[in-house]
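Subject: Structure handover

Dear colleague,

Here is the structure you were expecting, with notes on what was found in it. Please keep it open while you read.

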Amino acid sequence: TLASLAASGARLVVISNGFAPYQEPVLEALGLLRHFDEVVTPDRVGYAKPDRRIFEAAGHLDAFVGDTLVHDVLGARQAGVEAVWLHPGVPAELRGYGPRERAARPEIADLVRASLITSPHAVYHPEADHDTCRPDAVATSLPEVRDLLLGAVAARGARR
């Protein structure tokens, strides 16, 4: 997924609440660091997700992919960035839709509510609710993320 996106010319950035001295060695050990143009962390920029400023510190972002509603989806939305929720546990009745169609379905509001109830982060962010944490797209797998983002890269190139 990362190699395909990097080869397409997409700018790839990690935005993590972990500190760089811990995150970068892990990414390197996994062979992933080479795919990223930048690693943005609280120790480098002074903000943590979901604060919009950590997303802004990353520069222009076309989309942000994350697996948590509070840190990732809420933060990206507050920064005005398309929020893609990577959620493999999407119910079967929604799997037949594409990621953007899935996010537009009324059932997603219930899924977001249920996920927020079990989130250990929601208690610290009263602004996190089914509206503020509603993603722009819901992907169930990395291949779906890849296809979604490659489509966005191709569309951006066609507009130029």
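The largest nonpolar core has 27 residues, and Ile15 and Leu116 have the most contacts inside it. A nonpolar core here is a set of buried Ala, Val, Leu, Ile, Met, Phe, Trp, Tyr and Cys residues joined through side-chain atoms within 4.5 Å. Buried means under 20% relative accessible area, exposed means over 50%, and partly exposed lies in between (1.4 Å probe, protein chains only). Two or more residues of this core come from each of β1 (13-15), α4, α5, β4 and α7. The largest share, five residues, is given by α5.

This is a predicted model: local features need pLDDT of at least 70, side-chain atom pairs count only at pLDDT 80 or more, and totals for chains, interfaces and linings use all residues. Residues are numbered from 1 along each chain as its sequence is written, and side-chain values use heavy atoms, with hydrogens and water left out.

Back to the cores. Isoleucine 15 is in contact with Val40, Lys49, Ile54, Phe55, Ala58, Leu61 and Phe64, leaving aside its neighbours within four places in sequence; contact means heavy atoms within 4.5 Å. A second, separate core has 15 residues, among them Ala137, Val145, Leu148 and Leu149.

Overall layout

The protein has eight helices and five strands. Helices (H or I, at least four residues) and strands (E, at least two) are DSSP runs, numbered from the N terminus. Along the sequence they follow the pattern α-β-α-β-α-α-β-α-β-α-α-β-α. The C-alpha atoms fill a box of roughly 40 × 40 × 30 Å, taken along the principal axes. For 160 residues, a compact globule would have a radius of gyration near 15 Å, and the 16 Å of this protein agrees with that. That radius is taken over C-alpha atoms, and the globule rule is 2.2 Å times the number of residues to the power 0.38. Of the 160 residues, 41% count as buried. Among contacts between residues at least 6 apart in sequence, 58% join residues at least 24 apart.

Helix α7

Helix α7 (residues 107-118) has 12 residues and reaches 17 Å from its first C-alpha to its last, close to the 16 Å expected at 1.5 Å a residue. The expected span is 1.5 Å times one less than the number of residues. Which residues of α7 are buried? They are Ile108, Ala109, Leu111, Val112, Ser115 and Leu116. Seen down the axis of α7, these buried residues fall within an arc of 160°, so they line one face of the helix; the arc is that of the directions from the helix axis to the C-beta atoms. An α-helix has 3.6 residues a turn, so residues three or four places apart point the same way. The buried residues of α7 pack against α5, β4, α6 and β5. On the other side of α7, Asp110, Ile117 and Thr118 are exposed.

Salt bridges

The structure holds 10 salt bridges, a salt bridge being a side-chain nitrogen of Lys or Arg within 4 Å of a carboxyl oxygen of Asp or Glu. Three of them are described here.

- Lysine 49 pairs with aspartate 72, with the closest N and O atoms 2.7 Å apart. The pair links distant parts of the chain, 23 residues apart: lysine 49 is in the loop between α3 (42-45) and α4 (52-57), and aspartate 72 is in helix α5 (residues 69-78). Lysine 49 is buried at 12% relative accessible area, and aspartate 72 is buried at 4%.
- Glutamate 82 pairs with arginine 100, the closest N and O atoms being 2.9 Å apart. Glutamate 82 lies in strand β4 (residues 82-86) and arginine 100 in helix α6 (residues 99-104), so the pair ties together parts that are 18 residues apart in sequence. Glutamate 82 is buried at 18%, while arginine 100 is partly exposed at 39%.
- Glutamate 56 pairs with arginine 52, the closest N and O atoms being 2.8 Å apart. Both lie in helix α4, four residues apart, about one turn of the helix. Glutamate 56 is partly exposed at 43%, and arginine 52 is partly exposed at 38%.

Alanine 139

Alanine 139 sits in strand β5 (residues 137-139) and is buried, with a relative accessible area of 0%. Not counting residues up to four places away in sequence, alanine 139 touches Val84, Trp85, Leu86, His87, Pro88, Pro99, Arg102, Glu144 and Val145.

Regards
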